[in-house]
Amino acid sequence: MQHDLPEFIYKVADRAVFEASLAAGRFVGQPIDRTDGYIHFSAAAQLAETIRLYFAGLGAQVLFQVATAPLGEALRWEASRGGEPFPHLYGELPMAAVTALAGLDVPADGRVALPDWVR
């Protein structure tokens, strides 16, 4: 699927998964990523709804940003929620690719204020 590539994409991960990824030097994946065989990401405009739907009420999460350009053809935009194209990475994500991060404790209603670097 052809898609105008944004400069950055975003991932929310459990803090323990993020820390294990830092130790491994590559993102080890959330359970859904390991099950599906690719890493699920969101574009900036999709992030708030992703957090509301899948992370409501969860503490100890990490939101991180990844530049899209170095990912090359391993990054594919595929129809997902409501048929909207979402970024999926079919390959390894080196943790050196993370360009920004923030701790995230998501309230029960799933509504969070996103950092200024989400764009």
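The model is a predicted one, in which local features need pLDDT of at least 70 and side-chain atom pairs count only at pLDDT 80 or more, while totals for chains, interfaces and linings use all residues. Residues are numbered from 1 along each chain as its sequence is written, and side-chain values use heavy atoms, with hydrogens and water left out.

## Overall fold

The protein has three helices and six strands; here helices (H or I, at least four residues) and strands (E, at least two) are DSSP runs, numbered from the N terminus. Read from the N terminus, the order of elements is β-α-α-β-α-β-β-β-β. The radius of gyration, taken over C-alpha atoms, is 13 Å, close to the 14 Å that the globule rule gives for 119 residues, so the protein is as compact as a globular protein of that length. That rule is 2.2 Å times the number of residues to the power 0.38. The C-alpha trace spans about 35 × 35 × 30 Å along its principal axes. Of the 119 residues, 42% are buried, where buried means under 20% relative accessible area, exposed over 50%, and partly exposed in between (1.4 Å probe, protein chains only).

## Strands and their partners

Two strands pair if DSSP finds at least two bridges between them. By that criterion, β1 and β3 run antiparallel and share seven bridges. Within this pairing, Val12 has Leu63 of β3 as its bridge partner. Six of the seven residues of β1 are buried, so this strand is largely enclosed by the rest of the structure.

Five bridges join β4 to β5, and Glu78 stands opposite Phe86 in β5.

## Salt bridges

A salt bridge is counted when a side-chain nitrogen of Lys or Arg lies within 4 Å of a carboxyl oxygen of Asp or Glu. There are four salt bridges in the structure, including the pairs in this table.

| Pair | N to O distance |
|---|---|
| Glu7 and Arg119 | 3.2 Å |
| Lys11 and Asp33 | 2.9 Å |
| Arg52 and Glu49 | 2.7 Å |

The salt bridge between Glu7 and Arg119 links distant parts of the chain: Glu7 is in the segment before β1 and Arg119 in the segment after β6 (98–104), 112 residues apart. Glu7 is partly exposed at 49% relative accessibility, whereas Arg119 is exposed at 56%.

Lys11 and Asp33 also meet in a salt bridge. Lys11 belongs to strand β1 and Asp33 to helix α2, so this pair ties together parts that are 22 residues apart in sequence. Both residues of the pair Lys11 and Asp33 are buried.

Arg52 and Glu49 sit three residues apart in helix α3, which means that about one helical turn separates them. Arg52 is partly exposed, with a relative accessible area of 31%, and Glu49 is partly exposed at 33%.

## The largest pocket

For pockets, a 1 Å grid is laid over the protein atoms alone; a pocket is an open set of points where a 1.4 Å probe fits, with protein on both sides within 12 Å along at least five of seven lines, and lining residues have an atom within 4 Å of a point. Grid points are joined across faces, edges and corners, and the volume is the space filled by probe spheres set on the points.

The largest pocket holds about 360 Å³ of space. Its lining has 17 residues, of which Ile32, His40, Thr50, Tyr54 and Phe55 are the closest to the centre. The elements giving two or more residues to this lining are β1 (8–14), α2 (31–36), α3 and β5 (85–89). By residue class, the lining comprises nine nonpolar, six polar and two charged residues. In this grouping, Ala, Val, Leu, Ile, Met, Phe, Trp, Tyr, Cys and Pro count as nonpolar, Asp, Glu, Lys and Arg as charged, and the others, Gly among them, as polar.

## Two loop residues

Ala60 lies in the loop between α3 (44–54) and β3 (61–67). Its phi is near 55°, a positive value in a residue other than glycine. Ala60 is partly exposed, with a relative accessible area of 30%.

Pro70 is in the loop between β3 and β4 and is exposed, with a relative accessible area of 67%. Pro70 and Ala97 are 27 residues apart in sequence and 8.1 Å apart in space, C-alpha to C-alpha.
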